[in-house]
Amino acid sequence: MRDQRKSIIINEIKYWKQNRLLPEQYCNYLLALYSEGTEIDNTITQKASKLRGNIALRLFGLFLPLLVPFTFLVIYFTELSSQLQMVILSIFIVIAFLGLILFSKEGHFIHIPVIVLILLLLVFSVTLAEMVNVGPHFFTILVAFQAVVWLLIGIWKRWYYLHVVSIFTFLVIILFIILQ
């Protein structure tokens, strides 16, 4: 058979397999027959690379929550200069944002980078305000603003944990104002 005919037949079998016009075992057999085994090797390689990418993504998802304790370790338990602490915290925020972009296609795992990112942004803004040495009212306004943003994102995306966190934050702010 000429190569052109083989490629037409192979493409047609792939179409059958993709649209499930024939059972997968038959399509695999026909692909192995007409491609002389090379097409099956390609699909196995593609599946293995997809599995490796999936494992790497899951490991990154396990690494992301560790950024929060590392942040507190860098800020409160080291004697680094304030500027270096902010640079390290900024790098952590960029990593969390990249995690948000990577996990945006995942349905369930998107919440891990979201939680890590909002915590890191809260710590970043409070630490920055502490470095600038602003008054306690500015802290209250800053945290309230972030709680409003969390609430709006929670309403927009229908993530109810952001509703709960923002309401709890408002309650803490009200308690802080009352006790002052």
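Predicted model: local features only at pLDDT ≥ 70, side-chain atom pairs only at ≥ 80, totals over all residues.
The space within the largest pocket amounts to about 310 Å³. Its lining comprises twelve nonpolar residues, one polar residue and one charged residue.

Two aromatic pairs are present in the structure. One of them is formed by F72 and Y76, whose rings are stacked, at 5.9 Å centre to centre and with 15° between the planes. Both residues belong to helix α4 (residues 67-76), where F72 and Y76 are four residues apart, about one turn of the helix. F72 has a relative accessible area of 34% and is partly exposed. Y76 is likewise classed as partly exposed, at 44% relative accessibility.

W159 and Y161 also form a pair; their ring centres are 6.2 Å apart and their planes lie at 15°, so this pair is stacked. The angle counts as stacked because it falls under 30 degrees. W159 is buried, since its relative accessible area of 14% is under the 20% cut-off. Y161, by contrast, is partly exposed at 24% relative accessibility.

A further contact involves a charged side chain and a ring: K157 lies over the face of W156, at 4.6 Å from the ring centre.

Methods. Residues numbered from 1 in each chain as written. Heavy atoms only, no water. 1 Å grid on protein atoms, 1.4 Å probe; cavity = no way out; pocket = protein on both sides within 12 Å on 5 of 7 lines; lining within 4 Å. Points joined across faces, edges and corners; volume = space filled by probe spheres on them. Nonpolar A, V, L, I, M, F, W, Y, C, P; charged D, E, K, R; others polar. Phe/Tyr/Trp six-rings, centres within 6.5 Å; stacked < 30°, edge-to-face > 60°. Helix = DSSP H or I, 4+ residues; strand = E, 2+ residues; numbered from the N terminus. Buried < 20%, exposed > 50% of the residue type's maximum accessible area, 1.4 Å probe, protein only. Lys NZ or Arg CZ within 6 Å of the ring centre and 35° of its normal.
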